[in-house]
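Hi there,

Here is the structure I promised to pass on to you. Have a look at it first, and then read my notes below.

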Amino acid sequence: MATLDILSVSVIYAASFAILLVGYLAAMSSKDVIRLLISLEMMFGAVFMALIPLFSIAHLANAAFGIAIITIFASSGELLILISAIVILDRQKRDIHTSAITIGGDRV
Amino acid sequence: MGSRNHHSMSADLLVLSILAGVAVLFSLGVLVSKDNFYSSLFMSVTLIFVAAVYALLNLQPVFVLIVFIFVGAIGIVTVALAATYRSEPERQVSRFWIVPVVITAFIISFSIYSYALFNPQSVSPTEIEFELMNFLPITEYLVLIIFLISLVVLLLLSVLKIGIGGRS
């Protein structure tokens, strides 16, 4: 890959932070679980972006690829579980709003 | 020659900034849009632009993984779900959340600072391609990937079991 200078790394980290922030805001303002799912995917997108500078370090390049694979598979697995949970929630409660979830989680 | 290198570096930085900026703009679209369907579409485009940064830096395997698995599989299911459940949620943001935001900003700025401080050795283009080519035949990683896939299958099976149990 092309050599990353400090400016490129700053751009990547700043964009990653901005996407993460938007993901947080979307999660906080979500009233239904679909929007929560979308915001979680945004947060994972920010994580993928934050991984990029790892590839520019010589002795970490191989490990970075392993970390990227694990992150992509683990996040995909988590989101699949959440999608299944949404379908089950809709089947049981006939409602996908976060207010319908009464067990677990925290009240903000 | 040095001048040409400098120009290509600045062009790379410009393209990188444009890609990152467009990704951030589309992510703002997720927040602004009140319709779940359009939010999910904006989210997919954001992730494609994040993957495009990988493609720009010549890391095509990761680009393919993100676009095919994350956007192609999970993103499309999300779009389909969002198209099914379209609703217009109201805003509710507590000021208390400024604390985790500040902590995250601090951690990220520290990583930028430490990157500048330690100035890690950069990789030549041929070296990283060679290392990526040699990555997949390593048995340990293959075992790890198979383990991850079986873990996902097991988790899905358990969710299915909960779903069937809940229905009956």
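In chain A, in which helix is confidence lowest, and in which is it highest? Confidence is lowest in α3(A), with a mean of 87, and highest in α2(A), at 93. The score here is pLDDT, the predictor's confidence in each residue, from 0 to 100. Helices (H or I, at least four residues) and strands (E, at least two) are DSSP runs, numbered from the N terminus.

Some ground rules before the rest. This is a predicted model, in which local features need pLDDT of at least 70 and side-chain atom pairs count only at pLDDT 80 or more, while totals for chains, interfaces and linings use all residues. Residues are numbered from 1 along each chain as its sequence is written, and chains are lettered from A and ligands numbered from 1 in the order in which they are written.

On confidence overall, chain A has a mean pLDDT of 86, and 91% of its residues reach 70 or more. For chain B the mean is 79, with 74% of residues at 70 or more. Take care with α5(B) (residues 125-133), where chain B has its lowest confidence, a mean of 54; its highest is in α2(B) (residues 36-56), at 92. Where pLDDT is low, the predicted coordinates should not be read in detail. For the complex, the predictor gives an ipTM of 0.87 and a pTM of 0.69.

Now for chain A itself.

α2(A) covers residues 33-51 and reaches 27 Å from its first C-alpha to its last, close to the 27 Å expected (1.5 Å times one less than its number of residues). This helix is mostly covered, with 16 of its 19 residues buried. α3(A) has 33 residues, which should span 48 Å, and its end C-alpha atoms are 47 Å apart, which agrees. Its buried residues include F65(A), I72(A) and L79(A). Just after α3(A), R94(A) takes a positive phi of about 60°.

How do these two helices sit together? The axes of α2(A) and α3(A) come within 11 Å and cross at roughly 180° (axes are lines fitted to C-alpha atoms, for helices over the stretch in contact, and angles run from 0 to 180 degrees between N-to-C directions). That makes them roughly antiparallel (over 145 degrees; under 35 is roughly parallel, 65 to 115 roughly perpendicular and the rest oblique). Among the residues that meet are F44(A) and F48(A) in α2(A) and I83(A) and I86(A) in α3(A); contact means C-beta atoms, placed from the backbone, within 7 Å. By class, this contact has 16 nonpolar, 2 polar and 1 charged residues (Ala, Val, Leu, Ile, Met, Phe, Trp, Tyr, Cys and Pro are nonpolar, Asp, Glu, Lys and Arg charged, and the others, Gly among them, polar).

Finally, the two chains touch through 66 residues from chain A and 74 residues from chain B. On the chain A side, α3(A) gives the largest share, 22 residues. That side divides into 48 nonpolar, 13 polar and 5 charged residues.

Cheers

Conventions. Buried ≥ 20, exposed ≤ 12 C-beta atoms within 10 Å, placed from the backbone.
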